[in-house]
Amino acid sequence: MTGGLLSVAHPIDTGCNGKLMFLTAAGMVLGSAEMLSPLSWSLQPFRFVALADEDQDRLKTVIQRSIDRNRNDHGQIERSRAW
């Protein structure tokens, strides 16, 4: 909920601020983000510095759906092993 990891063509200067937009199953999420130190030439973490309530709600919804899906998948695997 506080940030994420971007795939970039080349690292962006650490500390740079900008707008970040991405699409989710719950809709578009738009927020202001600060770039953190790159992990590699093509992977760079960011942290949100501003995220509207509606965007935060959409992000929470998508994360919760992912958690629920992973739990269901794990349960199905465990049931299959029990056979």
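This is a predicted model: local features need pLDDT of at least 70, side-chain atom pairs count only at pLDDT 80 or more; totals for chains, interfaces and linings use all residues.

Colleague: What's the average pLDDT of the protein chain?

Modeller: The average is 89, and 87% of the residues score at least 70. pLDDT is the predictor's confidence in each residue, from 0 to 100.

Colleague: Which elements have the lowest and the highest mean pLDDT?

Modeller: Helix 1 has the lowest, at 81, and strand 4 has the highest, at 97.

Colleague: OK, and how many helices and strands are there?

Modeller: The protein chain has 1 helix and 4 strands, in the order β-β-β-β-α along the sequence. Helices (H or I, at least four residues) and strands (E, at least two) are DSSP runs, numbered from the N terminus.

Colleague: Back to Thr24, then. Where is it, and what does its side chain do with the backbone?

Modeller: Thr24 sits in strand 2, residues 17–24. A polar atom of its side chain lies 3.1 Å from the backbone nitrogen of Ala26, and a polar atom of the Thr24 side chain is 2.6 Å from the backbone oxygen of Gly27.

Colleague: Switching to charges: how many salt bridges does the structure hold?

Modeller: There are 2. A salt bridge here is a side-chain nitrogen of Lys or Arg within 4 Å of a carboxyl oxygen of Asp or Glu. In one of them the side chains of Arg47 and Glu34 meet, at 2.7 Å, N to O. That pair links distant parts of the chain, with Arg47 in strand 4 (residues 43–51) and Glu34 in strand 3, 13 residues apart.

Colleague: And which residue does Asp55 pair with?

Modeller: Asp55 forms a salt bridge with Arg58, and the closest N and O atoms are 2.8 Å apart. Both residues lie in helix 1 (residues 53–82), 3 residues apart, about one turn of the helix.

Colleague: Is Asp55 buried or exposed?

Modeller: Asp55 counts as buried because its relative accessibility is 8%; buried means under 20% relative accessible area, exposed over 50%, partly exposed in between (1.4 Å probe, protein chains only).

Colleague: What else does Asp55 touch?

Modeller: Not counting residues up to four places away in sequence, Asp55 touches Met28, Val29 and Leu30.

Colleague: Leu30 again later, I guess. Which residues make the nonpolar surface patch?

Modeller: Met21, Leu23, Met28 and Leu30 make a nonpolar patch of about 410 Å². Patches are made of residues with over 30% relative accessible area and no salt bridge: like charges are joined within 9 Å, nonpolar side chains (Val, Leu, Ile, Met, Phe, Trp, Tyr) within 5 Å. Accessible areas come from the Shrake-Rupley method with a 1.4 Å probe, and for residues only the protein chains shown count as cover. Strand 2 and strand 3 (27–35) each supply at least two residues of the patch.

Colleague: Why does Leu30 count as partly exposed?

Modeller: Because its relative accessibility is 37%. Leu30 is in strand 3.

Colleague: New topic: where is Ser37, and what does it contact?

Modeller: Ser37 lies in the loop between strand 3 and strand 4. Beyond its neighbours within four places in sequence, Ser37 is in contact with Thr14 and Pro45.

Colleague: Last one: what does Val49 contact?

Modeller: With neighbours within four places in sequence set aside, Val49 is in contact with Asn17, Ser32, Ala33 and Glu34. Val49 is found in strand 4.

Definitions and conventions. Residues are numbered from 1 along each chain as its sequence is written. Side-chain values use heavy atoms; hydrogens and water are left out. A polar contact is a pair of N or O atoms within 3.5 Å; within protein, one must be able to donate a hydrogen and the other to accept it, and residues adjacent in sequence count only if both atoms are side-chain atoms. Contact means heavy atoms within 4.5 Å.
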